[in-house]
Amino acid sequence: MTIISSVLGAAAAVILAGAAHAATIDLTPTIDGDVQVFGGDDVQTTADKLSMTQSGGLTRNAILEFNLSAIPDSAIINAVDISMVLTRFISNVGGRDVALDVFTYLGDGVVDISDHGASGTQALDTTTAAGGNAGDVRSFSLTDLSTFGAALAGDLLTVRLETESFASWQIAALENGSYDPVTLSIDYTDRISAVPLPAGLPLLLGGLGLLGLTARRRRDR
């Protein structure tokens, strides 16, 4: 019976290990700001809003760094949504739809001028309607999540927000006292606990259970 009990215990442990752990976490930046190189380098990290602008040669990009340490390094990233709160309407020439380009790359703990055009993965290429009001929330689902998995080991991920075609955005920054900052909602699965269940294990457990019952009946006679 001791051997049977041990095997049953081990088999039960395998079954429990096979239950993958899925979770969703909402993260706000550890630091944010906006950067511009046209007409001289300019970095702003203390304002209550982040600006994204494109007008001729002038391009101002919003930069956000996130700490992913709450997510296990072994996790599989399933989905990521990014949400931002407007601090004013979004403008564009003729009221046209407004571009939003999201780039992701490994973080370095600071927001500086190098973030303006740093090489990264384009995680989203989309548009949204011009207009809106202060306090409106715009949310988008990222389409390329590869950088998130790569950033888990080092914990830091930078997100750069850009626009195009004479558009202008203003969204709430960390320092904003009225509206929430940009948020990443990350859905992930911890694959360490996702151990595949052997195909023959149910039959094994059934057979061991029958052996255990038979042995007990013999002992009770």
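In which loop is F166 found? Select F166 in this predicted model: the residue is found in the loop between β10 and β11 (168-172). Its phi is near 65°, a positive value in a residue other than glycine. Most residues other than glycine have a negative phi. F166 is partly exposed, with a relative accessible area of 46%.

**Overall view**

Next, display the whole protein as a cartoon. The secondary structure comes to 3 helices and 12 strands. Of the 221 residues in the protein, 39% are buried. Among contacts between residues at least 6 apart in sequence, 82% join residues at least 24 apart.

Move to D155, which lies in the loop between α2 (146-151) and β10. D155 is not a glycine, yet its phi is positive, at about 75°. Is D155 buried or partly exposed? The relative accessible area of D155 is 23%, and the cut-off for a buried residue is under 20%, so D155 counts as partly exposed.

**T158 in strand β10**

Now select strand β10, residues 156-162, and within the strand pick T158. T158 is buried, with a relative accessible area of 1%. Show the side chains of T158 and E65: a polar contact joins them at 3.0 Å. Which residues does T158 touch, leaving aside those up to four places away in sequence? They are I63, L64, E65, F103, T104, Y105, L106, G107, D108 and D115.

**A four-stranded open sheet**

Select β1, β12, β6 and β9 together. These 4 strands form an open sheet in the order β1-β12-β6-β9, and the pairing is antiparallel. The edge strands, β1 (21-27) and β9 (137-141), each pair on one side only. From one strand to the next, the twist averages 15°. Strands of a sheet pair through backbone hydrogen bonds, either parallel or antiparallel.

Within this sheet, focus on β6 (residues 75-85). β6 pairs with β12 (residues 183-190) in the antiparallel sense over 8 bridges, and β6 pairs with β9, also in the antiparallel sense, over 5 bridges. Which residue of β12 is the bridge partner of I82? The partner in β12 is L184. Towards β9, I82 stands opposite F140.

Remain on β9 and colour its residues by face. R138 and F140 make up the covered face, whereas V137, S139 and S141 make up the uncovered one.

**Aromatic rings**

Select R88 and F89. R88 lies over the face of F89, at 4.0 Å from the ring centre. How many aromatic pairs does a search of the whole structure find? The search finds 0.

S178 is exposed, with a relative accessible area of 62%. S178 and D48 are 130 residues apart in sequence and 9.2 Å apart in space.

Conventions: Residues numbered from 1 in each chain as written. Predicted model: local features only at pLDDT ≥ 70, side-chain atom pairs only at ≥ 80, totals over all residues. Heavy atoms only, no water. Helix = DSSP H or I, 4+ residues; strand = E, 2+ residues; numbered from the N terminus. Buried < 20%, exposed > 50% of the residue type's maximum accessible area, 1.4 Å probe, protein only. Polar contact = N/O pair within 3.5 Å; in protein donor to acceptor, adjacent residues only side chain to side chain. Contact = heavy atoms within 4.5 Å. Pairing = 2+ DSSP bridges. Axes fitted to C-alpha atoms, helices over the stretch in contact; angles between N-to-C directions. Phe/Tyr/Trp six-rings, centres within 6.5 Å; stacked < 30°, edge-to-face > 60°. Lys NZ or Arg CZ within 6 Å of the ring centre and 35° of its normal.
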